[in-house]
Amino acid sequence: MKKSIGRKKTRTAVFISGRGTNLKNLIKYSIKKKSPISITLIISNTKKAKGLKYSNEFNIEKKVITFKKRQFAENEVLKFLSKKKINFICLAGFMKILSKNFISSFGNKI
């Protein structure tokens, strides 16, 4: 993935559940010089998500977290987002409902 020169881009995580069509378009957009985002993390709720292949293709870190126990999963995701200094989340075909607590904990930047 190309590095931005000049304006600092917003560190972004994209949440997916499936093929990753929206993810691929977001990645292509993020690579453009004038894009305000840098996709630095892909999170999926299933290891079967075909969109995870883009992590290798574009050298983006990925993380799979199952949501069998939603509160536990959301806490794990929040910790990981904090560790990776993520400032923005894009939900790109993510097929799980995030709790009001999760959304407010992340500062409503989703």
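Analyst: Let us begin with Leu81, which touches Ala13, Phe15, Leu41, Ile43, Ile86, Ile89, Phe102 and Phe106, leaving aside residues up to four places away in sequence, where contact means heavy atoms within 4.5 Å. Please keep in mind that this is a predicted model, in which local features need pLDDT of at least 70 and side-chain atom pairs count only at pLDDT 80 or more, while totals for chains, interfaces and linings use all residues. Residues are numbered from 1 along each chain as its sequence is written, and side-chain values use heavy atoms, with hydrogens and water left out.

User: Which residues touch the most other members of the largest nonpolar core?

Analyst: Among its 17 residues, they are Phe15, Leu41, Val77, Leu81 and Phe102. A nonpolar core here is a set of buried Ala, Val, Leu, Ile, Met, Phe, Trp, Tyr and Cys residues joined through side-chain atoms within 4.5 Å, and buried means under 20% relative accessible area, exposed over 50%, and partly exposed in between (1.4 Å probe, protein chains only).

User: Which element gives the largest share of this core?

Analyst: Helix α3 does, with 5 residues, and β1, β2 and α3 each supply at least two; helices (H or I, at least four residues) and strands (E, at least two) are DSSP runs, numbered from the N terminus.

User: Switching topic, in what order do the strands sit in the sheet?

Analyst: The open sheet has 4 strands in the order β3-β2-β1-β4, with parallel pairing, and two strands count as paired if DSSP finds at least two bridges between them. Strands β3 (61–64) and β4 (88–91) are at the edges with a single partner strand each, so one side of each has no neighbour in the sheet.

User: And how many bridges join β1 and β2?

Analyst: Strand β1 (residues 10–16) and strand β2 (residues 37–44) are paired over 7 bridges, and the bridge partner of Phe15 in β2 is Ile43.

User: How many salt bridges are there?

Analyst: The whole structure has 3, a salt bridge being a side-chain nitrogen of Lys or Arg within 4 Å of a carboxyl oxygen of Asp or Glu. One of them joins the side chains of Glu61 and Lys84 at 3.2 Å, N to O. Glu61 lies in strand β3 and Lys84 in the loop between α3 and β4, so this pair ties together parts 23 residues apart in sequence.
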